[in-house]
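Dear colleague,

Please find below the structure that I am handing over to you. My notes on what was found in it follow directly after.

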2 protein chains.
Amino acid sequence: MHRPGKILLNICSRRFLKGFQQILGAKLSMVSSGISSSSAPFSYVPVNKASTTLPEATIKRDKYSHRTHNCGQLTVANVGEKVELCGWMEFQRMNKFITLRDNCGSTQLIVPDERTDLTKTIEGISYETVIRVIGTVNPRPNSQVNKNMATGEIEISVEHLEILNPSKTQLPFPIRQFIKAKESLRMQYRYLDLRFPEMQRNLRIRSKVLMRMREFLINKCNFVDIETPTLFRRTPGGAQEFIVPTRNPGKFYSLVQSPQQFKQLLMVGGIDRYFQIARCYRDEAGRMDRQPEFTQLDIEMSFVDRESIMMLTEDLLVESWLEELGEISTPFEQMRYDDAMELYGTDKPDARLPYKLQNVTDIVKTSIALTTKTGIEYNDNFGAYAVVFPKESKNFSNSTKAQFDDISKREFPQAKLLQVKITESSWKSGLTTLLSNDVVDSIENRLNLHNGDMLFLSVGQKPDVQEVLGKLLILYTNILESKGVTLRAPGFKWLWIVDFPLFSKEDNENGIRTTHHPFTQPHPEDLHLLATDPLKVRGLHYDLVSNGWEIGGGSIRIHNSLLQKQVLEILGIDTCQMSHLLEALDSGAPPHGGIALGLDRYIAMLCNATSIRDVIAFPKSMEGRDAMSGAPIQISDEDKKLYHIRTPAD
Amino acid sequence: MHRPGKILLNICSRRFLKGFQQILGAKLSMVSSGISSSSAPFSYVPVNKASTTLPEATIKRDKYSHRTHNCGQLTVANVGEKVELCGWMEFQRMNKFITLRDNCGSTQLIVPDERTDLTKTIEGISYETVIRVIGTVNPRPNSQVNKNMATGEIEISVEHLEILNPSKTQLPFPIRQFIKAKESLRMQYRYLDLRFPEMQRNLRIRSKVLMRMREFLINKCNFVDIETPTLFRRTPGGAQEFIVPTRNPGKFYSLVQSPQQFKQLLMVGGIDRYFQIARCYRDEAGRMDRQPEFTQLDIEMSFVDRESIMMLTEDLLVESWLEELGEISTPFEQMRYDDAMELYGTDKPDARLPYKLQNVTDIVKTSIALTTKTGIEYNDNFGAYAVVFPKESKNFSNSTKAQFDDISKREFPQAKLLQVKITESSWKSGLTTLLSNDVVDSIENRLNLHNGDMLFLSVGQKPDVQEVLGKLLILYTNILESKGVTLRAPGFKWLWIVDFPLFSKEDNENGIRTTHHPFTQPHPEDLHLLATDPLKVRGLHYDLVSNGWEIGGGSIRIHNSLLQKQVLEILGIDTCQMSHLLEALDSGAPPHGGIALGLDRYIAMLCNATSIRDVIAFPKSMEGRDAMSGAPIQISDEDKKLYHIRTPAD
């Protein structure tokens, strides 16, 4: 069975092809649906021989498969050529006109009237049957030219047609452009859903963008692509991690929520520039648009500062950007966390929005009435903010009002919301229930309110006040845009959010938790506050936000073991659990930092997809279920014994 | 905090740098080892400004970090330049000569005699402390030029020296070339082990080779890189899979042992050409050179035959090959499974070996003596094979003989082994204990035996006979090579092994198991045997072998659902468990096939590493333990409750 050269190779291919036909015969004889394959002797065009008559650019494409072209490739330039195509019979009319589809497009096949043998074969074929044809490229009659289709000026006059694999008659949903089944059905039959051009396009964009990122990082920036383990030890103080039992009784791995520790250890190991397109795991059941496993572009560098990582990230995005999405210009704007909250009421602002929060705390603070009427106290944390949509009160319905009131009361109990349509007169009564007339007049002047404007005002504890208005700002914009009002600026608006607080308040023993993770370097200007007033310490963290989506985040890390120990102690984390990291930092750790980009969300944004499930080949449901296989499922008694675990049923 | 342009950018960098110095001050004051940092005012050279004086090619390298060059970069061409370097102080002499190391190499630093402030700083620094220096490139005095070192013709006259992070005095082992700690210590302090040039080189080779593979597949062959889930449903009939409990009581995911099902479903989905560098999981505790998680290059294509995949794989390896490894020529030789067993006694032959098995069954069968003396029967499966090492009996010791006898008895009980040094005379008595004189004479003639030759002869059941000799062939070759005898041919000898049996015998209910996996297409010529004599059916499987290592394997898959059902039934696998795949094959599945290459092993081969652990950044021990973190560990009661499991201790 040695293969001493090219000539023998072709013979080999032919020999295999012959076998291929034999098995087809065997299979077809097993299929009882009355399909008959063409009885014409099959004259195979050997792959390599056929290729030599094709233009240079296409030879690569077809070196490794039976066809001479794909279904999106042929144009009038190929008229007269004999070609071989493989694909799915998407549609047929009159047992004569066939739309043949593959991943690259569709081609029209036409069966000559005299070939009644082929007509008969086609009659017995279900849609989505996989066929192979050999035929000649002809120009379409003028009346049938389709300028919207890459192959719309040609058709193939079929000489041979062979059934490679029949499809059953009734598929759960038809595979024709613009017909989309509901999501649960799409998920159950994902392999059919993937045939839609949208899914084909999304997965190809994903592959292309990731490849460009790699090319930039490896070929231009000297990064090393390093795979790190996913079976590891639980990281204290992070998201809920999946556990994996082992044959060692009572001992478990955890599936890593990110390669955070490994990337830092790689820097200690002198790798200098590391990246990985890393699979990460978080058990966050029931959260919208989250998957139990997800993918991030994970980057870490030594001898850098915050600006270095930002610059690298911007260059990375520019280099991997898709031309068809329009311009992406750098440097991206930077916004302090406090400013983001002040202007947008969120740490992931959609900078395309024309309207922002307006601070009226100074005015409202003078209103004695408020305290007596609501019990709200004017403490240090008091805030009063407004959002105005000029001339946009007409689309504000009672149901919207009820919905917004509900959100405010449920999610932001420490803020009181007032929603007022500004009219010629009488509108002030909506405010004077809480505020004195003077204060209402001042607000009218400050906000420059006019008849027809829509006003949202919230007073109370500042974080809740900012956040409820931040949420309504988005929601009311969405409502207006759904009615045809254009508010958001076009394109992508990128922002770096910086100067986050290192710690946040929490109702635990220490009253404190880390805002991001325990390895973030405190801002050098705030180091003196670490022992005395930790909630005032900013971290050298940065979030990358685009159009209101958080695309990534990173930080400069703590590289000094004593500082790391101090931060872990502030957080109440047992330092013994992190002894391997502390020891590493004590063994010559370079200053380092990095970033992680959430690729599922980023690609969904690039693809203009409504859900990350549209850019993942085999996603799971919100409950973590795989609709196709039914996973997760029960395990066997052998597995329980092997892994020394018992379940409720045992 | 907006950043309106390049000028501001530099200011930003400076500002951060200042913060950087502040924090350094803070850190150093916390370190009580008596280290003092340079008190000289630190004059920072802004990154971008410094770069403009450098040749174009190096600007990219330094755009994102503080240094102007790396430690392996400077040559006499840079003499006179002011440079900034960061790295680890690997070594110093007389508080004056410093070897500074980073991932790219080493540079000699020299402190001018008059800078007693710096001398004092250096005196207090431990090896492996991370420092930053600014200085001027000078040519080395002629007597000190080191031609073996990239930077061996220059040295840096240090003007500023700053401690970025001190290392503790006593590291578990020193980081200097050629000093290697034992493996358990290396694993526990992997972040130190990674600083050795060998590990740096191995991980970089891995990154580079994988990138070339991607470039070939995506840019030249139109493949789509698609990520598939690792949390899935157990695949019946494969390796032991790790399980992952969920919040749903009694329901578990399995960690996939390969993307096999997904890649086939992608073909059904019309993806046409898929690849993935995929993380796979197998719970094979205690097997040498295996990891619980490993990486494979996973490829699948539609409308292909066996030759297509082989050709693609060969081109892939050629395109990603490292020049320094010598030639790789295609096409690779193909060898039938039966021939591999006949000639090498293994399905992964090391084709560099000069000697092979020789079949003497026909001669030995005539020896009546054998049956009477050993009870061995001349059934259909009887075999007698020999391996001769001409003129190589002198290195055959009694302990080797004992070791080989032990292997034969323990692992291959159905084969009887005879080990004979051929001498002038009397050697035949070693054979005539079992064989008649005539037969021994025939063997002498057939094998052309001469004084000084080493003969291994085995008789009994063919599989055991072939395999024991296959094993001894390797072992005795290794022994001879360890004594300085060169036997193996240089370079890499590639082989495709084809025509494996589709099924193998097993002591289970069905008496049969799949040789590779249940999705392999039976050889078209053998389809008629499927129902009547399945053990005679060959599969369209192919293994890729190089120098005795199995690098990869693949097959043409079954694309017809009825045939797939038949094979599952032969194997006794419940078809309900695979209903999603059977349904997919029935919905228009194209003929398809693929291959998976084991990248850990392949890269280890390229790196000439003795273990795959040397090409994995953070490997686990043979028992699956992470020596650095201690994983796997016990889980908390909260986790047990969340995942509804109990362990032996509960």
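B:Phe303 sits in the loop that runs between β11 (293-302) and α9 of chain B; helices (H or I, at least four residues) and strands (E, at least two) are DSSP runs, numbered from the N terminus. B:Phe303 has a positive phi, near 60 degrees, although this residue is not a glycine. With a relative accessible area of 1%, B:Phe303 is buried (buried means under 20% relative accessible area, exposed over 50%, partly exposed in between, with a 1.4 Å probe and protein chains only).

Please note that this is a predicted model, in which local features need pLDDT of at least 70 and side-chain atom pairs count only at pLDDT 80 or more, while totals for chains, interfaces and linings use all residues. Residues are numbered from 1 along each chain as its sequence is written, chains are lettered from A and ligands numbered from 1 in the order in which they are written, and side-chain values use heavy atoms, leaving out hydrogens and water.

A second residue of chain B other than glycine, B:Asn222, also has a positive phi, of about 65 degrees. B:Asn222 is placed in the loop between α7 (197-220) and β6 (224-225) of chain B, and its relative accessibility of 36% makes it partly exposed.

One joins B:Thr330 and B:Pro331, with omega about 0 degrees; B:Pro331 belongs to the loop between α9 (306-319) and β12 (333-336) of chain B. The other runs from A:Ala631 to A:Pro632, with omega near 0 degrees, and A:Pro632 lies in the loop between α19 (599-606) and β23 (633-634) of chain A.

Turning to chain A as a whole, it contains 20 helices and 23 strands. Of its 650 residues, 60% are buried.

In chain A, 8 strands form an open sheet of mixed pairing, in the order β6-β10-β11-β22-β21-β20-β17-β12 (two strands pair if DSSP finds at least two bridges between them). Its edge strands are β6 (224-225) and β12 (333-336) of chain A, each of which pairs on one side only. Within this sheet, 9 bridges connect β10 (residues 273-281) and β11 (residues 293-302) of chain A, which run antiparallel. Along β11(A), A:Gln296 stands opposite A:Ala278.

A further open sheet of chain A has 4 strands in the order β13-β14-β16-β15, with antiparallel pairing. At its edges are β13 (358-359) and β15 (415-421) of chain A. Strands β14 (residues 382-389) and β16 (residues 454-461) of chain A are joined by 8 bridges, and A:Val388 has A:Leu455 of β16(A) as its bridge partner.

How do the axes of α10 and α16 of chain A cross? Those of α10 (residues 337-344) and α16 (residues 462-482) come within 8 Å and cross at roughly 60 degrees (axes are lines fitted to C-alpha atoms, for helices over the stretch in contact, and angles run from 0 to 180 degrees between N-to-C directions). This makes α10(A) oblique to α16(A); angles under 35 degrees count as roughly parallel, over 145 as roughly antiparallel, 65 to 115 as roughly perpendicular and the rest as oblique.

Finally, a rotation of 180 degrees with 0.0 Å of shift along its axis superposes chain A on chain B, with an RMSD of 0.2 Å (by least squares on the C-alpha atoms of residues with pLDDT of at least 70 in both). The two copies are thus related as by a two-fold rotation axis.

Yours sincerely
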